[in-house]
Amino acid sequence: MSITAARRAMLAVLLVVCLGVPSRANASSRHDATEAGIVRELNHARASYGLPTLRTSRGLARAADAHSETMRRTNTLDHGDFFSRIRRYVSSRTVGENLAWMTGCDASVVVSMWLNSRPHRKIMLSKSFRRIGVGSSGSGECFVTADFASAH
């Protein structure tokens, strides 16, 4: 077998293995327009309180995407054991989570709802949190997860 043929065979085997092995989460770490808008609105709100900007975290975004998809699929709005779930994606001393459900996805409405809820506002305006990941799933019925973590 030639070296080129051997390389092609190895590449084919590697591709099959990669496709066959389940990923750690089925969610991507990309932010769609709604998710980016939520991060922007959250940082705007935090700035008005003199708080530092939240940096997006790929791991937190994956955790949030996976949870939003699970909530959409099961049609439930539930945190579950979010401490353990988030820590599967990131290492952090402190974590928090805000959830939202609404018809349609509107970033400013989601953040406004959280600001008008004492427990949600406390999480999003916590000085402890420096990183965020936002995930949304659905368009007609929109499930949103915002996962927060401290710097370390």
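Mentor: Let us begin with a term: contact means heavy atoms within 4.5 Å. Please bear in mind as well that this is a predicted model.

Trainee: Against which elements do the buried residues of α3 pack?

Mentor: The buried residues of α3 include L60, A64, H67 and M71. Their packing partners comprise both helices and strands, namely α2 (33-48), α4 (82-87), β2 (95-103), β3 (131-137) and β4 (141-149).

Trainee: How many residues has α3, and what span does it reach from its first C-alpha to its last?

Mentor: At 1.5 Å a residue, a span of 24 Å is expected for this helix. The model is close to that value, for α3 has 17 residues and reaches 24 Å.

Trainee: Is S68 buried or exposed?

Mentor: S68 is placed in helix α3, which covers residues 58-74. Buried means under 20% relative accessible area. The relative accessible area of S68 is 0%, so S68 is buried.

Trainee: Which residues does S68 touch, not counting those up to four places away in sequence?

Mentor: Strand β3 spans 131-137 and β4 spans 141-149, and the buried residues of α3 pack against both. With residues up to four places away in sequence left out, S68 touches G135, S136, S137, F143, V144 and T145.

Trainee: Which residues have the most contacts inside the largest nonpolar core?

Mentor: This core has 21 residues. The elements giving two or more residues to this core are α2, β2, α5 (107-115), β3 and β4. V144, leaving aside neighbours within four places in sequence, is in contact with residues including I38, S68, M71 and W114. The residues with the most contacts inside the core are I38, L42, W114, M124, I132, V144 and F148.

Trainee: Which cysteines does the disulfide join?

Mentor: The structure holds one disulfide, with an S to S distance of 1.8 Å. The angle about the S-S bond is 105 degrees, and the link is right-handed. The disulfide joins C105 to C142.

Trainee: How many residues apart in sequence are the parts that this pair ties together?

Mentor: C105, at 27% relative accessibility, counts as partly exposed, whereas C142 is buried at 0%. C105 lies in the loop between β2 and α5 and C142 in strand β4, so the parts that the pair ties together are 37 residues apart in sequence.

Trainee: Which residue just after α3 takes a positive phi?

Mentor: Helix α3 covers residues 58-74. Just after α3, a positive phi of about 55 degrees is taken by N75.

Note on methods:
Residues numbered from 1 in each chain as written. Predicted model: local features only at pLDDT ≥ 70, side-chain atom pairs only at ≥ 80, totals over all residues. Heavy atoms only, no water. Helix = DSSP H or I, 4+ residues; strand = E, 2+ residues; numbered from the N terminus. Buried < 20%, exposed > 50% of the residue type's maximum accessible area, 1.4 Å probe, protein only. Expected span 1.5 Å × (residues − 1). Core = buried A, V, L, I, M, F, W, Y, C linked by side-chain atoms within 4.5 Å. Disulfide = S-S within 2.5 Å.
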